[in-house]
Amino acid sequence: MQLYNKLSAEERAQLIDQAGKDRLTISFYQYYHIGNPQIFRDHLYIHWDRLEVLGRIYVAKEGINAQLSLPADRFIAFKSHLDSIFFLKDIRLNIAVEQDNKSFLKLKVKVRDKIVADGLNDESFDVTNKGVHLNASEFNTLLADPNTICVDMRNHYESEIGHFEGAVTPDVDTFRDSLDIIEENLKDHKEDKNLLMYCTGGIRCEKASAYYKHKGFKNVFQLEGGIIEYTRQVKEQDVQNKFKGKNFVFDHRKSERISEDIVSNCHQCGDLCDTHVNCANEACHLLFIQCDSCKDKMEECCSTACQETNALPYEEQKELRKGKFNSNKIFKKGRSEVLKYKK
């Protein structure tokens, strides 16, 4: 039985167009001890492939982290399958703020050591001793408290296009980088301040809150469901929106607009802009912010060198990408000396 994707992104995109169905983009996570992640992974793939689920799902002994899309008319069947798995029954599903039928173009279910790369030794602290979960209204109340320090647990390229008012936004490349930096910066306020955290969907805060309680922080809080659930509650419950800008997402959409505020700038010319793109040169693929004017001028590239490379015949480009050193330069996230206006 085939338990992996064999279609290219282009082939899958054509099938989606031909189907003519609206799709839903959904994310969820659950920490739970899974005895055999490989068997569980195969079980999910078999069932979800039949439902035309596409996405990026990580399974580990500590649980599952899923970001996916599926035809809207398959949602009930998908939810029924989740409910048949006892530790996923009635789990909260984060429905995307902005839908795109092509947010994912492949089904990838992978077994990993962890569902989030946090670099922590989970045996050294109680991962179930988590911080207090807050809904949108409660989050706003604590955010306004002068005794609160609000920390964005996401990476620099996420927070640069959107964040909560007054939040601390660490200039880090990975989640694991932020943990020690935040502890060091806030070490004098472990007992006298509220530590209020948020992330995209809540999964990073789930582990971080337990870690910081283990490190001696007395008042630890987290936004339940992250920015995605916060936005849903803001819209449905008439809660004041305190998030400015866009929410970065890890699929083909790259972001969801939460407010009309533009809090970032084009990395090439400095004009106000919050549109993330990947450099058109596949040997670079740098993630950066680019306005429409620079997009036309630079032909969707981050530099003149990449423009020149991208203009070469495809086979020549493939030759330039060969080799370990060259491949290691691919998929950088907004860190490059060619980006003149990167803050």
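Visitor: Why is Arg74 called partly exposed?

Guide: Its relative accessible area is 24%. Buried means under 20%, exposed means over 50%, and partly exposed lies in between (1.4 Å probe, protein chains only), so Arg74 belongs to the partly exposed class. The model is predicted: local features require pLDDT of at least 70 and side-chain atom pairs pLDDT 80 or more, while totals for chains, interfaces and linings use all residues. Residues are numbered from 1 along each chain as its sequence is written, and side-chain values use heavy atoms, without hydrogens and water.

Visitor: What makes the contact of Arg74 with Glu52 a salt bridge?

Guide: The N to O distance is 3.2 Å. A salt bridge requires a side-chain nitrogen of Lys or Arg within 4 Å of a carboxyl oxygen of Asp or Glu, so the pair qualifies. Arg74 sits in the loop between strand S3 (63-71) and helix H3 (75-83), and Glu52 in the loop between H2 and S2, 22 residues apart. Helices (H or I, at least four residues) and strands (E, at least two) are DSSP runs, numbered from the N terminus.

Visitor: Which class, buried or exposed or partly exposed, applies to Asp274, and what does Asp274 meet in a salt bridge?

Guide: Asp274 has a relative accessible area of 3%, so it is buried. Its side chain meets that of Arg257 at 2.8 Å, N to O. Arg257, at 23%, counts as partly exposed.

Visitor: Why is Cys205 called buried?

Guide: Its relative accessible area is 0%, so Cys205 is buried. Cys205 lies in helix H7 (residues 203-214).

Visitor: How do you know that the radius of gyration of the protein chain agrees with that of a compact globule?

Guide: The radius is taken over C-alpha atoms, and the globule rule is 2.2 Å times the number of residues to the power 0.38. For 343 residues a compact globule would have a radius near 20 Å; the protein chain has 21 Å, so the two agree. Buried residues make up 49% of the 343 residues, and the C-alpha trace spans about 60 × 50 × 40 Å along its principal axes.
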